[in-house]
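Open the model in your viewer and keep the selection tool at hand. The stops below say what to select next.

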Amino acid sequence: MFAKDSGLLQGTVELLVLKTLSWGPMHGYGIASWIESATGDVLRVEEGSLYPALYRMARKGWITAEWGLSENNRRAKYYRLTAEGRKQFREQASGWQRLTAAVNQAIATRNAPSWAR
Amino acid sequence: MGEHRDRDYRVIPPKPRAEVDDELHFHLERRIQQNIANGMSPDEARRAAYERFGDVNDVRDECEQILVEERRAETRRNWFEDLSQDLRFAVRSAVRAPLFSLLAIATLALGVGANAAVFGVVKSVLLNPLPYPNAGRLIRIYTPFRNGNEPHGSLSAGTVSDVRERQHSFSSLGAFRGPRDVVYSGEVPQVLKATWAEPAFFRTLGVSLARGGGFRDEDGLHDTTTVVILSDGAWQRLFGGDPKVIGRVIRLNGLPRTVVGVLPRGFVAPEGAPDFYLPLGMPLFMHDPITVRGSHGFGFVGRLKPGVSQASAQHELATIGDQLERLYPKDNLGIGLAGVPLRDAMVGDTRTPLLILLASAALVLLIMCANLAGALLSRTISRRREFAVRVALGAGRSRLVRQLLTESVLLAVLGGVVGLVLAELGLGLLRGLALTALPSYANLSLDALAIAVMMLLSLIAGVAFGVGPALSVGRADPQQTLREQTRGTSESRRTRRARGVLVAGQIALCVSLLAAAGLLARSLWAMTTAPAGFTADGLLTFTVHLPSPRWTTEDQQSEFYDQFLAKLRALPGVTDAAVASALPMHVDNSNGLFIRTAPWAPNQPVPFILTNVVSEDYFHTLGVPLIEGRTFTTADRPTTGTVMVINKAMADRYWPNGGAVGAQVHIGPPNPTAPWITIVGIVGDVRNDPTSLRADPMMFLPTRQDMSGNQFIVRTARDPLAVAPAVHRLLKELDPTLPITDVATMTSVIGDRYAARRLPVVLMGGFGALALLLASVGVYAMFANMAASREHEFGVRAALGSTRANIAALVLRQGGFWMAIGLGVGAVGVIAAARSLRTQLFGVPEFDPLAIGASVLVLVLCAGVALLGPVRRASRVDPITVLR
């Protein structure tokens, strides 16, 4: 799902992780599952590639990890947003929205350029 | 990355590999369960989960790598965070106890400063390489007297050429002569120094000229070769560093000389600091059969052949010396040959005083350490409660120890920096003081090595004395400490003893140092106050440089003396005037003595006797009494019989049964054809060697028969320097081209003779004062702390009926006890100090009771004064405030 050759930008994965964690702390499996279902299984390729992204985000200080117990009482590593991560999410989400809106507007327009007329 | 991480209870995290594995394993397990729940068979569910995950190994490796980097970065971050936290805390706690901090920094600064200054001196004299390439292979050759009188005898021309022919140890040898005064005719005539050197001299030292071709090998062989090499200093001073100086003609002693070379900056002569080098050719000295072996005065340096050891060269020289003594017994009897490493020859007599200074600086350092240890101990004890609270609140012990170490290092660095500033100031002072007392190549400065050594020293001191208290904090039980502190018990027996030992140690070190300084000072005092044998007060001395073109022949010079001395005597305020070849206490010319009626046996070495050539008014002007016979008169002329006056020491040694007056002698290189000299009088002794209280035998010849004086001595009724302008005017009237130099009072001339002796006394005195100060501060600080920490106890005692006197006595007794122990141990130190100073003491016994008694007294007084404060404080404790 998040492989380098899947055509997805690294930033997209990070934005989706930030979105997931904005609901609250969650482990890697939960994050992957939520993103898959939330994107209507469109991004369903190679769940393993989520983990390097998580580690890199932890390194950048956007999220922190802590071991805890999962819903079925197993030890699991939970990630949570830091203050910096929250800030990143706000900026990146609005950036993404502006970008996609602009791209959408461009590809949906019916106004042909002057040289095409 | 938690903002609320407690670093003191950091949980040790699992290894990165295991952590990643756990996490990935959890993911796969959950996916498999999910798949099974979705209706797959276990095998199928497993395969699907792995497929959906991708390459587990790749993911694991990537994650592990990121995690490892992250952990590393975190360790670094924590270390710096802890350090900056510790530093901030250290600065705060240093500021909170300003007295303690100032004391610690000042103590360190003084100790480090004193040591850095002395180290700077010792390093530049004893450790820095000599300014010659491969200087360790250079040997200075001397002809020591076998009776030990003159270890640094110079060579005769014959010995120089014999050594050159017989030796096999040296690849190159160079002789030199001088430095001597020469008159340089610039705009105004100046008296400068010149050394005559063989062309091989520069080759041997391995010095190549900065400019010009230098001497050619044949330059020394002819009297008519008139060339000169300039020192860098002379080049700068006289020619402003003019690059076109080569080929210019200058006049020395009235003769023209062509400049053929300039020595490089930093070149230092093996002896003296000449401005000019003139070519020297040994063959010229080989013609006169009397002076060839009888007249000494050549310095000789050699460079060892590769592979030849110093020891074997020294052995060879000794063998040649034995051969020459057998071959030429008349001249060489009692004289050997010896090679000394050039460095030792140049360091000369300063080695022992320098090592003594180094030792005293080390003692100051030890006192400093004791002081510092005491201060840190007190500070730690007074902070025990703070530490206990922090431990109780969960601070790790290692963290506390680290904190204390940071504080000590901070103080050490500050103290070290201030100390280096002090050292630089001290060296500035020393440069002025030591100029004449240290070898000329020594440039007193702190280089990178000295600075590094001193910073290391203060760091070691800081850390070493920070560790002790820090560890004791680590061991202490916080609960007990807190309980004790609220109950207010006295300090423990152990810390009290530790303080006492530190006080005793300081006292012991201090008394040794003070005794050493006292002994040296007493010795200098004995030297300078011992009767010199003449009245130095009221005498003015100066040098007029003869001969000159106008006063060349002996008759002309004699005429000059008569005219000038007569005019001098006529000056208002002048009562007497005389001329001599050397000033009293400065006679350095010796001649062999041969008594007509008692010739020396073949196995008896010829004695060398100090010789001065003086005018007939010399003894009267100085106030030297006549004991027997007569002194010189104007009737003693070149045409009349040659006469001599001797001093009492000489009469007593060679004519113990009387009969000296009227005896006939030959002096100098034995010349059988010369007329006998008749002794006409005996005068009182004048000390010549300032370090010896006994006068040496001395002979005097009249200037009217041996034209060689240029040292003038004028007795004045009042201030000697007041007549100096009149003297200048007189000479100008007589002959404006004659240079006059070294105008000074006799007392200051004699003072210069003690310069080398004064340096160690001043420095030791300084160290003694420093030690006294440090020890007093140490005693005060330690007992003040002791009294403060026992305040509660004293309060209880006072409440139970102890009088103030009782309590004061308690503190005094304790202070006195440790001081007594310190003095007891110090006795051993005093003995050691006196023993090591033995060779440096003159005119005082090794265990001079006055010096040692005075140093003990001064120390006890200072320590007593330092004790007063704590005693007062202890006796004023108010039981009500303390117990409430």
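Predicted model: local features only at pLDDT ≥ 70, side-chain atom pairs only at ≥ 80, totals over all residues.

Residues are numbered from 1 along each chain as its sequence is written, chains are lettered from A and ligands numbered from 1 in the order in which they are written, and side-chain values use heavy atoms, with hydrogens and water left out.

**Confidence.** The mean for chain B is 84, and 94% of its residues reach 70 or more. Over residues 1–10 of chain B, pLDDT stays under 50.

**Helix H2 of chain B.** Select residues 42–53 of chain B, which form helix H2 (helices are DSSP runs of H or I, at least four residues, numbered from the N terminus). Its 12 residues reach 17 Å from first C-alpha to last. Now pick out Ala45(B), Ala49(B), Arg52(B) and Phe53(B), the buried residues of H2(B) (buried means under 20% relative accessible area, exposed over 50%, with a 1.4 Å probe and protein chains only). Down the axis of H2(B) they fall within an arc of 100 degrees (taken from the directions from the axis to the C-beta atoms), so they line one face of the helix. Turned away from that side are the exposed Asp43(B), Arg47(B) and Glu51(B). Next comes Gly54(B), with a positive phi near 95 degrees.

**Leu400(B).** Select Leu400(B), in helix H15 (residues 397–434) of chain B. Leu400(B) is buried, at 2% relative accessible area.

Technical notes:
Helix = DSSP H or I, 4+ residues; strand = E, 2+ residues; numbered from the N terminus. Expected span 1.5 Å × (residues − 1). pLDDT = per-residue confidence, 0-100. Contact = heavy atoms within 4.5 Å.
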